[in-house]
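Subject: Structure handover

Hello,

Here is the structure I promised to pass on to you. Please open it beside this message, and then read on for what turned up.

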Amino acid sequence: MKWLLPVLILVIALPVMASGVDENVLADPAKEAEARAIMEDLRCLVCQNQSIDDSNADMAADLRAVVRERVLAGDNAPQIYDYMVARYGDWILMRPPVNESTWVLWLMPAILIVLGLLVISVFLRRGRAQAQTVTPLSAQEEADLETVIGKDHRG
Amino acid sequence: MKIKPFYIAPAIIFVAVIVGLYIGLGLNPKETAFPLYDQSPPEFSLPALVEGQPDLTTADLMTGQVTVVNFFASWCAPCRVEHPYLLQLAEIDGLKMIGIDYRDTRETAIAYLQQAGNPFDLIGNDANARVGIEWGLAGVPETFIISADGKVKLRIQGPLNEPIMKRQVLPLLEELIP
């Protein structure tokens, strides 16, 4: 059973290798790490909801090559995002930016909270207003009540 | 009894959500943004598909002639499906046909065009897909139409077909070519 442990370790470690594999990685590990971080934020257009770092599609490999080239040329992350957005639009970013077409999306949680608070406050105020409209019994009603239930039973 | 706006609000919100979702159903999530629209085509230079011929450059797309740019590949099945429409476009007078062979080898692409027919006046070889990225390409085939004044007017993602030709391509060409 000596073989079991290495095999198990290999099987368990499989997901670690689940990302796009490139032959031409950057020689400088710091630059490569920077490029990989940028790749995680860029969408693979043919796989819809995977980053180009995750995907093995040809298209993702092409885009990874561009990212590495730009990092090597000294571009920073925002410059590379701008480059990609200029060609593919905002959709290439895994996190949609706040702009005129997405502010509704980003603000919706806050809008819903404000709306909810408004509804609650309207209901609370209405409840209080109803409580105040209770008027004391008139003298005639007091007398009627006494004849029905008798004076002793009144609390 | 007077109906308070407060009470009909949920009904209005419900209808708005349904209308929004219905519009969303008609959108194609695979269709990506088209930042090139009404812009000049990107700067590029590609070796010709047939060795020895001059490079294909941006200048070739801006000669004052209405131009079709088609990204294709010999390994791409939908490209074979749309090929008859490219041959049909090649028949139109005053229309320049440019092919860009995408992620492909010269030999297979040349053999493909010999077998299927060559609709193109000029063909570039984009072996590493770098020019495709400049054009915002999400795959092959993709077809672009450039006006005589050098602006990208239309992009078709995926293969040309009868409805796309009738509704988008041919009406635009009629408008662009006097």
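Predicted model: local features only at pLDDT ≥ 70, side-chain atom pairs only at ≥ 80, totals over all residues.

β6 (142–146) and β7 of chain B each give at least two residues to the lining of the largest cavity.

The largest cavity holds about 40 Å³ of space, and the count of cavities of 30 Å³ or more comes to one. To find it on your screen, look for B:V68, B:L89, B:T143, B:F144, B:I145, B:L154, B:I156, B:L160 and B:V169, which line it. By class, this lining divides into eight nonpolar residues, one polar and no charged.

Rolling a probe the size of a water molecule over the atoms shows where empty space is left. The largest pocket contains about 410 Å³ of space. Its lining is made up of 21 residues, and those closest to the pocket's centre are B:K30, B:E31, B:E142, B:Q157 and B:G158. You will meet β7 of chain B again here: β7 (152–157) and α5 (162–176) of that chain each supply at least two lining residues. With four residues, β7(B) gives the most to the lining of the largest pocket. Sorted by class, that lining has ten nonpolar, seven polar and four charged residues.

The second largest pocket has about 180 Å³ of space. It is lined by A:D22, A:E23, A:N24, A:A61, A:A65 and A:R68. Three of these lining residues are charged, two are nonpolar and one is polar.

Now to the place where the two chains meet. How much area do chain A and chain B bury between them? The figure is about 1600 Å², with 52% of it on carbon and sulfur atoms. On the chain A side, A:D62, A:R87 and A:Y88 supply 35% of the area that chain A buries against chain B, more than any other three residues. In terms of contacts, 20 residues of chain A touch 18 residues of chain B.

Side chains of opposite charge can pair when their charged atoms come close. The structure holds nine salt bridges over all chains, and the count between chain A and chain B is four. One example is A:D62 with B:R103, where the closest N and O atoms are 2.5 Å apart. A:D62 sits in helix α3 of chain A, while B:R103 is in the loop between β4 (95–102) and α3 (106–116) of chain B, so this pair joins two chains. Another salt bridge is formed by the side chains of A:R87 and B:E134, at 2.9 Å from N to O.

Six residue pairs are in polar contact across the interface of chain A and chain B, with both residues at pLDDT 80 or more. The largest share, seven residues, comes from α3(A). By class, the side of chain A that touches chain B has 13 nonpolar, two polar and five charged residues.

Enjoy exploring it, and write back with any questions.

Best wishes

Definitions and conventions: Residues numbered from 1 in each chain as written. Chains lettered and ligands numbered in written order. Heavy atoms only, no water. Contact = heavy atoms within 4.5 Å. Buried area = accessible area lost by both parts, 1.4 Å probe. Polar contact = N/O pair within 3.5 Å; in protein donor to acceptor, adjacent residues only side chain to side chain. Nonpolar A, V, L, I, M, F, W, Y, C, P; charged D, E, K, R; others polar. 1 Å grid on protein atoms, 1.4 Å probe; cavity = no way out; pocket = protein on both sides within 12 Å on 5 of 7 lines; lining within 4 Å. Points joined across faces, edges and corners; volume = space filled by probe spheres on them.
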